[in-house]
Amino acid sequence: MKLSIIVCGYNVEKYIDKTLQSLFEIKINDVEIIVINDGSNDGTEQILDQYKTHFPTPKNFSLEIVNFENNTQGGVATAANYGLNMAKGDLIAFIDGDDWIAPDAFTRAVNRLANSDADFIFSENIDFWMSTGEYLPHPDHEQIQSLEEHKPYEELKKDLLKVAAMPWRKIYRKEFLDIHNIRFPEGDYFFEDNPFHWMVVTKSERCLINKEATHYYRMGNPNQTVIGKGEKFLKMFEHFLTIEGFLEENNLSSSYEIELLQWFINHVLYVSERTHIYNQYRFYCLIRPLLSRWGEEEIYSILEKNKHNKYVFMLFSYIISDNFEKYLELCNE
């Protein structure tokens with residue numbers, strides 16, 4: 001069974017060698033590595049050229065390199081979709097060009113999926129903090145460890161929708177992605193892994209849970225989407241509309257109404273912490289009409305169920321009652 005690994009990177013000259021070397025240690029018989037250099041303006045392209053011209057590709061591997069002339073807008077969606085459409089493998093994996101894998105653990109995850117009828121396998125990862133050199137569990141580690149592979153699948157899917165959406169945490173059966181036309185939404189926004197995650201989870205019929213870490217996720221790279229503050233975070237809610245539209249088109253809205261509300265609440269909190277004060281009114285005007293899709297009782301029920309603190313209850317009470325002055329005051333305490 002052939003495995004295609006799609007590597008997307010922008011200005012990763014310091015890291016891409018470690019990424020590729022880790023992939024070449026995978027013990028799989030037929031591996032296609034597709035590197036999409038998303039318009040880097042550092043030395044990434046030159047390093048990749050060295051791999052093609054001077055370094056022999058290990059046995060059982062093929063290496064395809066695509067250099068985009070310019071960095072594509074938004075996140076990795078255009079690059080990832082390009083690689084996905086190129087891929088010839090039966091199984092698909094993604095990795096960012098500044099991360100690396102644990103080869104033995106990754107090999108075991110690939111083999112588990114290959115020997116099953118599941119649509120994908122979901123794995124753990126470890127965060128590597130560049131500033132301190134520490135290796136730490138990802139914040140949702142305990143949630144992942146509590147996932148039960150053999151519980152009723154509709155319940156497991158709802159559990160999976162609560163964990164971080166990074167696409168490289170999964171290995172996918174390509175036939176599954178193609179049958180359901182699952183691709184990353186392309187546009188002038190980041191965090192496109194969120195709707196991709198929802199599409200994969202809600203359309204799947206079976207998945208495997210791997211509680212062993214297969215990836216090392218580099219934290220603190222200045223080119224990372226999650227770094228800093230700014231307008232890019234406001235565009236997160238375009239993905240809410242994408243997810244909502246996908247659920248409606250597939251007659252799944254009623255099945256995942258509460259999970260979508262929970263996603264919305266979590267991302268209001270995430271984005272509010274990363275929004276500059278001069279963008280607060282714009283953010284408030286963006287989220288208030290979206291929140292009105294649910295009733296007060298539903299909203300407060302989710303807040304209580306997830307044991308949010310007084311600050312969160314007050315924040316949402318001001319949004320619900322349309323009291324921007326109090327909302328702003330609370331955000332900037």
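Q: Lys307: buried or exposed?
A: Exposed. This is a predicted model, and in it Lys307 has 74% relative accessibility. The cut-off for exposed is over 50%, so Lys307 counts as exposed.

Q: Where is Lys307 in the fold?
A: Lys307 is in a loop. The loop runs between helix H12 (296-305) and helix H13 (310-320).

Q: What about the phi of Lys307?
A: Positive, about 55 degrees. Lys307 is not a glycine, yet it has that positive phi.

Q: And what is the phi of Asp322?
A: About 60 degrees, so positive as well, although Asp322 is not a glycine either.

Q: Where does Asp322 lie?
A: In the loop between H13 and helix H14 (324-331). Its relative accessibility is 44%, and Asp322 therefore counts as partly exposed.

Q: Switching to His138. Buried or exposed?
A: Buried, at 11% relative accessibility. The limit for buried is under 20%, which is why His138 falls in that class.

Q: What does His138 touch, leaving out residues up to four places away in sequence?
A: Asn125, Asp127, Ala164, Met166, Arg169 and Tyr217.

Q: Now Ala93. Which strand is it in?
A: Strand S4, residues 91-96. Ala93 has 1% relative accessibility, so it counts as buried.

Q: What is Ala93 in contact with, beyond four places in sequence?
A: Leu3, Ser4, Ile5, Ile6, Phe106, Lys170 and Ile171.

Q: How far apart are Ala93 and Ile171?
A: In sequence, 78 residues. In space, the C-alpha atoms of Ala93 and Ile171 are 4.8 Å apart.

Q: On to helices. Which residues of H6 are buried?
A: H6 covers residues 153-160, and its buried residues are Tyr153, Leu156, Lys157, Asp159 and Leu160. They span an arc of only 160 degrees around the axis, so they sit on the same side of H6.

Q: What covers the buried residues of H6?
A: The cover includes strand S6 (120-129), helix H8 (193-203) and strand S9 (207-219).

Q: Which residues are buried in H3?
A: Helix H3 is residues 77-86. Buried there are Ala77, Ala79, Ala80, Asn81, Gly83 and Leu84.

Q: And what do the buried residues of H3 pack against?
A: Strand S1 (3-9), strand S2 (31-37), S4 and helix H7 (174-179). S4 is also the strand that holds Ala93.

Q: Zooming out. How many helices and strands does the chain have?
A: The chain has 14 helices and nine strands. Its radius of gyration is 21 Å, close to the 20 Å that the globule rule gives for 333 residues, so the chain is as compact as a globular protein of that length.

Q: What box do the C-alpha atoms fill?
A: Roughly 65 × 45 × 35 Å, along the principal axes.

Q: How much of the chain is buried?
A: Of the 333 residues, 54% count as buried.

Q: What share of contacts links residues 24 or more positions apart?
A: 79%, out of the contacts with a separation of 6 or more.

Q: Last one, charges. How many positive and negative?
A: The chain has 33 positive and 52 negative charges. Their mean positions are 3 Å apart.

Technical notes
Residues numbered from 1 in each chain as written. Predicted model: local features only at pLDDT ≥ 70, side-chain atom pairs only at ≥ 80, totals over all residues. Heavy atoms only, no water. Buried < 20%, exposed > 50% of the residue type's maximum accessible area, 1.4 Å probe, protein only. Helix = DSSP H or I, 4+ residues; strand = E, 2+ residues; numbered from the N terminus. Arc of directions from axis to C-beta. Contact = heavy atoms within 4.5 Å. Rg over C-alpha atoms; globule rule 2.2 N^0.38 Å. Lys, Arg positive; Asp, Glu negative; His and termini not counted. Charge placed at Lys NZ, Arg CZ, Asp CG, Glu CD.
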